[in-house]
Amino acid sequence: RFINQHGEKLLKERKISTATVDEAVRNVLRAKFRLGLFENPYADAAREKAVVFNPEHLRFARQSAAESF
């Protein structure tokens with residue numbers, strides 16, 4: 001995220017190289033390819049509602065968040 005906010009300045013100041021940026025972009029694209037996001041870029045709304053917004057999952061997420069504090 002740091003590069004996302006300050007990348008242009010860091011490049012101009014030669015604190016990072018374009019090769020570093022290229023490698024970071026390559027890693028993101030590689031991960032997206034492995035996840036199949038280029039073949040099927042849109043989420044399944046029904047699955048999202050059933051899995052992500054499942055009441056048991058929400059309770060667990062809230063409990064985990066509370067315990068992390």
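Modeller: Before we dig in, helices here are DSSP runs of H or I, at least four residues long and numbered from the N terminus. With that in hand, look just after H2, where Gly36 takes a positive phi of about 80°. Keep in mind that this is a predicted model.

Biologist: Nice. And H2 itself, how many residues does it have?

Modeller: H2 has 17 residues. From its first C-alpha to its last, H2 reaches 24 Å, close to the 24 Å expected at 1.5 Å a residue.

Biologist: Let's zoom out. How many helices and strands are there in the protein?

Modeller: There are 4 helices and 0 strands. Going along the sequence, the pattern reads α-α-α-α.

Biologist: What radius of gyration does the protein have?

Modeller: The protein has 19 Å, whereas a compact globule of 69 residues would have a radius of gyration near 11 Å. Its C-alpha trace spans about 50 × 40 × 15 Å along the principal axes.

Biologist: What share of the residues counts as buried?

Modeller: Of the 69 residues, 6% count as buried. The accessible surface is about 6,600 Å², and 57% of that belongs to carbon and sulfur atoms.

Biologist: What does Asp44 do at the start of H3?

Modeller: One of its side-chain oxygens reaches to within 3.1 Å of the backbone nitrogen of Ala46.

Biologist: Switching topic: which residue has a positive phi although it is not a glycine?

Modeller: That would be Arg14, with a phi of about 60°. Arg14 sits in the loop between helix H1 (2-12) and helix H2 (18-34).

Biologist: Is Arg14 buried or exposed?

Modeller: Arg14 is exposed, because its relative accessible area is 77% and exposed means over 50%.

Biologist: And Leu11, where is its place?

Modeller: Leu11 belongs to helix H1. Its relative accessible area is 32%, so Leu11 counts as partly exposed.

Biologist: How far apart are Leu11 and Glu23 in space?

Modeller: They are 14 Å apart, C-alpha to C-alpha, and 12 residues apart in sequence.

Biologist: Last one, on charges: how many positive and negative side chains does the protein have?

Modeller: The protein has 13 positive and 9 negative side chains. The centres of those two sets lie 4 Å apart.

Terms used:
Residues are numbered from 1 along each chain as its sequence is written. This is a predicted model: local features need pLDDT of at least 70, side-chain atom pairs count only at pLDDT 80 or more; totals for chains, interfaces and linings use all residues. Side-chain values use heavy atoms; hydrogens and water are left out. Helices (H or I, at least four residues) and strands (E, at least two) are DSSP runs, numbered from the N terminus. The radius of gyration is taken over C-alpha atoms; the globule rule is 2.2 Å times the number of residues to the power 0.38. Buried means under 20% relative accessible area, exposed over 50%, partly exposed in between (1.4 Å probe, protein chains only). Accessible areas come from the Shrake-Rupley method with a 1.4 Å probe; for residues, only the protein chains shown count as cover. Lys and Arg count as positive and Asp and Glu as negative; His and the chain ends are not counted. The place of a charge is taken as NZ of Lys, CZ of Arg, CG of Asp or CD of Glu. A polar contact is a pair of N or O atoms within 3.5 Å; within protein, one must be able to donate a hydrogen and the other to accept it, and residues adjacent in sequence count only if both atoms are side-chain atoms. The expected span of a helix is 1.5 Å times one less than its number of residues.
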